[in-house]
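Work through each task before reading its solution.

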Amino acid sequence: MAGSKSVRRLEKAPTGIQGFDEITQGGLPKGRPTLICGGPGSGKTLLGMQFLVNGAIRYHEPGVFMSFEETAEELAKNCVSLGYDLKGLAASKKLSLDYVHVERSEIEETGEYDLEGLFIRLDHAIKSIGAKRVVLDTVESLFAGLPNPFILRAELRRLFRCLKTKGMTAVITGEQGTDTLTRQGLEEYVSDCVVALSHRVANQISTRRLRIVKYRGSIHGTNEYPFLIGETGLTVLPITSIRLEHAVSKERVSSGIPRLDSMLGGKGYFRGTTVLVSGTAGTGKTSVAAAFADAACRRGEKCIFFSFEESSSQVVRNMRSIGIDFQTPLDKGLLKFYAERPTLYGLEAHLASVHKAIDEFKPKVVILDPISNLTSVGIESDIKMMLTRIIDYLKVRQVTTLFTSLTSPGDVIEQTEVGISSLCDTWLILRDIELGGERNRAMYVLKARGMAHSNQIREFRLTSRGIDLVDVYVGPAGVLTGAARLSQEALEKGQEYIRRHELELKKINLESKRRAMEAQVAAFRGQFEAEEKEVKSLIAQEEMRIKGATHLRRNMARMRKAD
Amino acid sequence: MKPKPVGGGNKNRDTLWELRLYVAGQTPRSLAAFSNLKKICEDHLKGKYHIEVVDLLQNPKLAKGDQILAIPTLVRKLPPPLKKIIGDLSDTERVLVGLDLRPKF
């Protein structure tokens, strides 16, 4: 683990850009130049500017911004929208803006020269405010302004070395080339840290991405991370930035469906967990979601309902048909709808809008209905990343979330289209059971982390009074629902009667047999007793006879006077 | 090779030429630039020029005003328009072109 030791030793300058410091484990290499390359409009200048302004305000490291493209005025104007007061910072000597203008038509080359002028300007700017950070944006435009690229290359190499000697944490931006990272091959000179920004459009949806191409002497996230340019500037959205360290709650919240609560250990979902409801079309996913939202509002908790399919009034109307009144909590301000077509903007922007809505409203319960609809604006892995981030974000805030997801009938039922099932704590599956010419809904709990839950399939019924779960018939004839269940139950009742009757008969039979047996036993005993009596009297007679004979003999002897 | 100035000659014949040479310390290149400039001025603008030498090492602030990057840089402040000539001015032909003392081809 020699590598990890040096990681600790490598000093870093935090950028203060949300997410960026996490993926670089602390920021840019301190005292070294970093190259940021990307196409036009990819956010290079903004990244550099945020690095400087955050440095000046938060980390007490003044910075020099040397712009080769925009004037100081333009820069200041552009940054006002982000809430940066560049002029104020410049006035308080925390920031120095220097616009380097090179006009090819004004310049005539007449012999040898070097860029000492640029060096002096930079050095002067650094010294005048005691700068620790430098941004050169973008130094490549010198190649268009100065005639001799050989001198320029040699001088740029010298410039970067000079920045390093001065111990400046520098950001050098470069325009992306066709095959190389930068058009002029600046990556050859700046080799400590290279960050690539891109702005890609796939299926008409644009996503900005950031990647750390290399970071000498430090481990770093290697993925392409999506990032946003929003009202507060740049935000990188790394999954890994949110560690799995959120506190968990033992509190339970009702699902709004009493029988479902009892299936989930009698109490409902855990607070702050993620519930996934998946099923084919028309299985009642939105209704399950609505029941949960309704239960939250009844408890007096705030709830946001992101609807990607139906307008809010449509949801309100439809849910009234199953006895859920959304109008009251809406009026009370407990419930909020965000009905947006997914195609309205890209995934990242959706993520941002979800974040913003949650930050503003601070709900306890969030519904996203349905997440499968997002496939129209992104590929599966992107959606999974986005949802992971939403889930993490909500979990940290102890918000209970319910997603619904549409599965197509041909699919494996235990598979959601966007593959987030593993991220969910509780997973309810809704399905159709088609039997005997009718179609019935069924529900079961596929998983429920951390609680004892029923393994049974329940019939799921939408009534005008709400959602009801009924035990399905599970027997030798299979799983039966609806009318089939009722008829099977009637049939079984009849069979039961007959069986009971037969049993009764058998009991009676047995009783009579026992009586017969007992009568026989009595007869035998009587016979035996009679015989016994007879035998005994015979024995007595015989004994009497023997006694009598002996007596007679003795008397006769006495009479004969025998000796 | 015409001995007489043409370009700059037809306008501003009598105006003063204000030239500023930016250097950074007494390097051989700066010294060469200055002596080359002096010679060219003596040959073509005798009596109506003024050379100001700015050493940026002593006055780094001045680099910003004239947008100086390369050293040495010669700036023609007057007559307008502003012209910049970079390098040690060893290529006399190009200096003359740059100063508008000789028409471009």
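**Exercise 1.** In what order do the nine strands of the open sheet in chain A stand?

*Solution.* This is a predicted model, in which local features need pLDDT of at least 70, side-chain atom pairs count only at pLDDT 80 or more, and totals for chains, interfaces and linings use all residues. Residues are numbered from 1 along each chain as its sequence is written, while chains are lettered from A and ligands numbered from 1 in the order in which they are written.

Step 1. The order in chain A is E17-E16-E18-E19-E15-E20-E21-E22-E23, with mixed pairing. Strands (E, at least two residues) and helices (H or I, at least four) are DSSP runs numbered from the N terminus, and two strands pair if DSSP finds at least two bridges between them.

Step 2. Strands E17 (335-339) and E23 (466-471) of chain A each have a single partner strand, so one side of each lacks a neighbour in the sheet.

Step 3. E17(A) runs parallel to strand E16 (residues 303-307) of chain A, joined by five bridges; A:Leu335 is the bridge partner of A:Cys303.

**Exercise 2.** Describe how chain A meets chain B.

*Solution.* Step 1. Contacts (C-beta atoms, placed from the backbone, within 7 Å) link 22 residues of chain A with 30 residues of chain B.

Step 1. On the chain A side, H6(A) gives the largest share, seven residues.

Step 2. Three bridges join E6(A) to strand E4 (residues 83-86) of chain B, and the two run parallel. A:Ile107 stands opposite B:Lys84 in E4(B).

Definitions and conventions. Contact = placed C-beta atoms within 7 Å.
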